[in-house]
Amino acid sequence: MALAKRIIPCLDVDAGRVVKGINFVNLIDAGDPLELARHCDREGADELVFLDITATHIRRDIMHRVVHQTADQIFIPLTVGGGMRTLEDMRRMLHADADKIAINSAAARDPSLITRGARTFGSQCIVVTIDAKSRDANTWEVFVHGSRRATAKDAVAWAQEAQDRGAGEILLTSMDRDGTRDGYDLDLLQAMHACLSIPVIASGGAGTLAHLRNALLIGQADAVLAASIFHFREYSIGQAKRYLQRYGIPVRLEAP
Amino acid sequence: MHELIARGLAEPVKEAVRRHVPLLGICVGMQMLFEVGLEDGVHQDLGLLPGRVQRLKLEAYPGLKVPQIGWNQVKPTRPSPLFDGMNPVFWCYFVHSYHAVCDRECDILATTCHGLTISSAVSYSHIFGVQFHPEKSQHAGLRILRNFATLSV
């Protein structure tokens, strides 16, 4: 047996409410992050990601409360991303009991944030999120600020720099595929795999279980981030894992 | 380890061990139980167990990543109260780039395969260490923590 490939649900949280998350059956309150996190945990999610899409800084406290309540009851790793710009922002989120911090725009603007974050809190806490858009054959450009602003950075080179600066993982979203349900960008995943020694979490484009399988087998991703594939109640996390296992992919499956 | 010494905690930990208080080291906490660490240069650890801590060297295993991040299977190699009531093999959550190498094979309590077979749990007398994170390992992890908590002082 070997290290399991991970299935990681992602919940978008705005002012303490899940706005684009997983539409599970039988939930008392589908907008309650804690309720959704509990459900993911029961279903066999390997980790959880909360993406804080709250625009204003003042409301960050709400996210701290959500994270703290969740970590108090859910005993799988919890990554929190969105809007963190400084070491102090990261420290406060870790003190709220997040296990990992995902940084994106702030890291692209000031790459030393990765170095300082890794040195202060350890590489295991630092997930660098990269939103990549296809340019020419086998080149991708990094976009920031909710994928609205181009940076002229090459995505693969940026991922390598993030790794060298101490990032523990790369959370890689294909902007071309995000929301399409046409499958992950396998060329992008392969290009990253060829250049990185740290784990890559694939994101953007999952529509079927075969897409998850391809990202893990062909794209060689270490984990798949998925929201919408579970959103329409087509598949449960357990179903996805049993499917992957049939293709020889190591997954964590066990009765509690 | 620097932090432990700087905060004046290394001696109290050793003193508690001398008084036979059960000790559980988690992740880096397990690594600190050994004599010598090789992370960022050579440094002295608590020296409660003979052995050293070294970087995961996986050059011979293409495709495997360092750090090891995620769920892997833990296989106990001998009975222990720490694993009371648990399955013969169980999943736990790992995040690490270094691993402990025991000098005494009898200190190894469980192994896990990530290319290499690493010591994922160790124990000697009332001293325990786990390389994984029981606090992030759902049911199995909580069971281990409960088992540890019920060890008599």
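Two strands count as paired here if DSSP finds at least two bridges between them, and the strands themselves are DSSP runs marked E of at least two residues, with helices being H or I runs of at least four, everything numbered from the N terminus. Okay, keep that in your heads. What we're looking at is a predicted model, where local features need pLDDT of at least 70 and side-chain atom pairs count only at pLDDT 80 or more, while totals for chains, interfaces and linings use all residues. Residues are numbered from 1 along each chain as its sequence is written, with chains lettered from A and ligands numbered from 1 in the order in which they are written.

Let's start with chain B and its sheets. One is an open sheet of four strands in the order E3-E2-E4-E7, with mixed pairing. Strands E3 (43–44) and E7 (98–102) of chain B sit at the edges with a single partner strand each, so one side of each has no neighbour in the sheet. E2(B), residues 36–37, pairs with E3(B) in the antiparallel sense over two bridges, and there you'll find Val36(B) standing opposite Gln44(B).

The other one to look at is an open sheet of six strands, ordered E1-E10-E9-E8-E5-E6 in chain B, again with mixed pairing. Its edge strands are E1 (23–26) and E6 (90–96) of chain B, each pairing on one side only. From one strand to the next, the twist averages 30°; axes for that sort of angle are lines fitted to C-alpha atoms, for helices over the stretch in contact, and angles run from 0 to 180 degrees between N-to-C directions.

Now zoom in on E8(B). Is this strand buried or exposed? Well, five of its seven residues are buried, so E8(B) is largely enclosed by the rest of the structure. By buried I mean that 20 or more other C-beta atoms lie within 10 Å of the residue's own; exposed is 12 or fewer, partly exposed is in between, and the C-beta atoms are placed from the backbone.

On one side, E8 (residues 108–114) is joined to E9 (residues 116–124) of chain B by six bridges, and the two run antiparallel. His114(B) has Leu116(B) as its bridge partner. The hairpin of E8(B) and E9(B) has one residue between the strands, and Gly115(B) there takes a positive phi near 75°. E8(B) also pairs with E5(B), residues 68–76, antiparallel over two bridges, with Lys75(B) partnered to Thr111(B).

While we're around E5: the loop between E4 (51–55) and E5 of chain B holds Pro67(B), and the peptide bond from Val66(B) to Pro67(B) is cis, omega near 5°.

Then there's helix H4 of chain B, residues 138–149. H4(B) lies across E1, E6 and E10 (127–130) of chain B, running at about 90° to E6(B). Have a look at Gln138(B), which is found in that helix. Its phi is positive, about 50°, although Gln138(B) is not a glycine. Gln138(B) is also buried, with 25 other C-beta atoms within 10 Å.

Stepping back, chain B comes to four helices and 10 strands. With 153 residues, a compact globule would have a radius of gyration near 15 Å, and chain B agrees at 15 Å; that's over C-alpha atoms, and the globule rule is 2.2 Å times the number of residues to the power 0.38. Of those 153 residues, 40% count as buried.

What about the two chains together? Here 21 residues of chain A are in contact with 21 residues of chain B, contact meaning C-beta atoms, placed from the backbone, within 7 Å.

Last stop, chain A. In helix H5(A), residues 112–121, the buried residues include Leu113(A), Ile114(A) and Gly117(A). Down the axis of H5(A), the buried residues fall within an arc of 100°, so they line one face of the helix; the arc is that of the directions from the helix axis to the C-beta atoms. They pack against several elements of chain A, among them H3 (87–95) and E6 (126–134). Just after H5(A), Gly122(A) takes a positive phi of about 100°.

Asp97(A) is in the loop between H3 and E5 of chain A and, with 15 C-beta neighbours inside 10 Å, counts as partly exposed.

Terms used
Contact = placed C-beta atoms within 7 Å.
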